[in-house]
Amino acid sequence: MKVLVTGAKGQLGTDVMNELAKRKYEGIGVDVEEMDITDPEAVETVISESGADTVVHCAAYTAVDAAEDNEELCRKVNAFGTENIAKVCKKLDVKMVYISTDYVFDGEGERPWEPDDPRQPLNIYGQTKYEGELAVENNVEKFFIVRIAWVFGVNGKNFIKTMLNLAKSHDELNVVNDQIGSPTYTYDLARLLVDMIETDKYGFYHATNEGLCTWYEFAREIFRQAGVNVKVNPVDSSQFPAKAKRPHNSRMSKEKLTANGFQRLPEWQDALSRYLDIILER
């Protein structure tokens, strides 16, 4: 199997490339320098010449607050860029994996989101990712749309790194306690994505590590496992006004993974422990 991975230098792209190599598959990693996804001709040329039979599309505009002021650029990358890839995948009859987000939902309620729930994005980022989903489902026959949330990986910025950095200069931190979800380790997610492309069980899926927490509970567990002594105070989202609205409910149902024979991701606390072992080099 020959797999082209977009956003190959990012948190998830890096781990997908590593997982492909581990399984002796040929991974072709591209980032913006190798393939500008907003340029349809470049996309067609690179994918065609790669000879890939699968595209794992990890590249995205993910600056959620900045997206509110840069709607055109965000849409150009997340919607039109994805559409460019989808059209080439359809033309060449290759599988496509599109990495999406819980932000395509309105973030309300308390029950876990099902893969086929109605999509009602609550901000610009979510809207453009939703448009990307539509581009895939309307063009590609062999697709996996995989929605993820609360992502952390060795490459790039994430909540864990932010907390550990803040702890160096603060004895006390306020962290929101009214948003609930499941952290997602890109190392675990990459394994699942490669499991998926080995099959033809196409469709919409949700993939996060098992278990639920609030950002406050996540922060406390980070400091506990890292052996860092910081007082963490639970606060409401209203204390952190942001340009883009955030979902209160990021619970994601993973029953479809089980139903289709895929191995679910480990508990988030276990994922955090393995991650800290790497970044803290204990």
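Reply: A residue is called buried under 20% relative accessible area, exposed over 50%, and partly exposed in between, using a 1.4 Å probe and protein chains only. This is a predicted model, in which local features need pLDDT of at least 70, side-chain atom pairs count only at pLDDT 80 or more, and totals for chains, interfaces and linings use all residues. Residues are numbered from 1 along each chain as its sequence is written, and side-chain values use heavy atoms, with hydrogens and water left out.

Me: Is Asp65 buried, exposed or partly exposed, and which is the term for its accessibility of 27%?

Reply: Asp65 counts as partly exposed because its relative accessibility is 27%. Asp65 belongs to helix α3 (residues 64-67); helices are DSSP runs of H or I with at least four residues, strands are runs of E with at least two, and both are numbered from the N terminus.

Me: How far apart in space are Asp65 and Lys243, C-alpha to C-alpha?

Reply: The C-alpha atoms are 5.3 Å apart, although Asp65 and Lys243 are separated by 178 residues in sequence. Contact means heavy atoms within 4.5 Å; leaving aside neighbours within four places in sequence, Asp65 is in contact with residues including Lys243 and Arg246.

Me: How are two packed helices described?

Reply: They are described by the angle between their axes and the distance between the axes. Axes are lines fitted to C-alpha atoms, for helices over the stretch in contact, with angles from 0 to 180 degrees between N-to-C directions. Here, the axes of α4 (residues 71-92) and α5 (residues 124-139) come within 8 Å and cross at roughly 15°. Therefore α4 is roughly parallel to α5, a term for angles under 35 degrees.

Terms used:
Parallel < 35°, antiparallel > 145°, perpendicular 65-115°, else oblique.
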